Amino acid sequence: MDNITSQMLKELLKEGLIKLLLIFNAVVRCSYWPANFKSAQIILVLKPGKDPTDVTSYCPINLLSTISKTLEKLLSRQIYIDTDLNNWIPDHQFGFRKAHSTIQQRHRITHTVNTALEHKQYCTAAFLDVSQAFDKVWHPGLLYKIKQLLPLGYFPLLTSYLQDRTYVTKVNTAISSVHPIHSGVPQGSILGPMLYTIYTSDLPKSRHTVLSTFADDTAIVAVDQSPNMASQHLQHHLSSMGDWLRKWRIKVNQAKSMHVTFTNRSGQCPPIYIDQQQIPQGTSVKYLGMHLDSKLTWREHIINKRKQLDHKTRKLLWIIGRTLPLSLENKLLIYKTVLKPVWTYGIELWGCASKTNVTIIQCYQSKILRIITNAPWYVSN
């Protein structure tokens, strides 16, 4: 909104950087976040293939002050230096952390499931869909936790950072009036993810279950020889989770959540509930970009990846097709940068699938490489 871009800051002379430094030091010293730094502009991006007359067809993008985000970056680094991360980043949270990825979090889940399958146990899991997690953070509750977990010097500064934030919405050249923000952490900000981690740092745990979170994606897994006991352990954890969610004003969308039983034995685990509503049961679930089926064969995941690959390939045929003059080197470069990452994602986990399932991807590779090299159909794969 202030028309100051990151490139402008990069091009600043030494005198300008010193002035900026004086402003940043004054903000920290006075524990006052300037109002201009707390104004956001929301632009709407139409989702591909959606109806432009439907408001739900747009993805809102939050544009913040570049100067404010620069200060947030410096402040977040200092917070990590001044605090013991073990005090406010739980072991089960892999989002917004260095050296932690979605693959590693999924590995925690699949390791638990595989162990249960090997021991012929019942593994029941609840995958929860948190509704508008970042937008619904309760400010008084967040400030209470900041005061408990961070050094006291940060409390007044972060209080000023959260309070009296405003936004306007821009559509083409039209701009709405200014509206206040009463809840949530600023999306697109540097401090937002860290503040959300602090807010959810005290999620209830249980010694009978495995809790996995990546940002707001939450999964709870329980294992037992008896399907009834497995569901009982999971239900007990969900009950305490429901109490925590009500206390801290976070909502779970039960309709979009999923309850899956992983086992090679017959039968299913009994249904489970959260807030007295049953979580829908299914035979597979998509968690952090990968499809987990009830027997962990990875077939559904591989088939979905093959469909995604076919869709992307059709869009690229105009440039990598058989008769097109683009060099072989450039065609391979497009394959490696656009298509290959689709099927290699998570290969550390699904690479152990049966030969029949892996052949689905192998056949695709043979097909696309014959197209790229303009090889006839009878050339050996």
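**Close-up A. Asp243 and Arg246 sit together in helix 9 of this predicted model.** Both belong to the helix spanning residues 227–247, and three residues separate them, about one turn of the helix. Asp243 is partly exposed here, at a relative accessible area of 44%.

**Close-up B. Arg246 also pairs with Asp275.** In this salt bridge the closest N and O atoms are 2.5 Å apart. Arg246 comes from helix 9 and Asp275 from the loop between strand 10 (273–274) and strand 11 (277–278), so the contact ties together parts that are 29 residues apart in sequence. Through shared partners, salt bridges link Asp243, Arg246 and Asp275 into one network. Asp275 is partly exposed, with 35% relative accessibility.

**Close-up C. Lys145 meets Asp202 in another of the model's four salt bridges.** Their closest N and O atoms are 2.7 Å apart. Lys145 lies in helix 6 (residues 139–149), while Asp202 is in the loop between helix 8 (191–199) and strand 7 (209–214), so this pair ties together parts 57 residues apart in sequence. Lys145 is buried, at 5% relative accessible area, whereas Asp202 is partly exposed, at 35%.

**Close-up D. Strand 13 and strand 14 make a hairpin.** The strands, residues 284–287 and strand 14, run antiparallel and are joined by four bridges. Lys286 has His291 as its bridge partner in strand 14. Two residues lie between the strands, and Leu288 takes a positive phi near 55°. Along strand 14 (residues 290–293), Met290 and Leu292 point one way, His291 and Asp293 point the other way, and all are buried.

Methods:
Residues numbered from 1 in each chain as written. Predicted model: local features only at pLDDT ≥ 70, side-chain atom pairs only at ≥ 80, totals over all residues. Heavy atoms only, no water. Buried < 20%, exposed > 50% of the residue type's maximum accessible area, 1.4 Å probe, protein only. Pairing = 2+ DSSP bridges. Salt bridge = Lys/Arg side-chain N within 4 Å of Asp/Glu carboxyl O.
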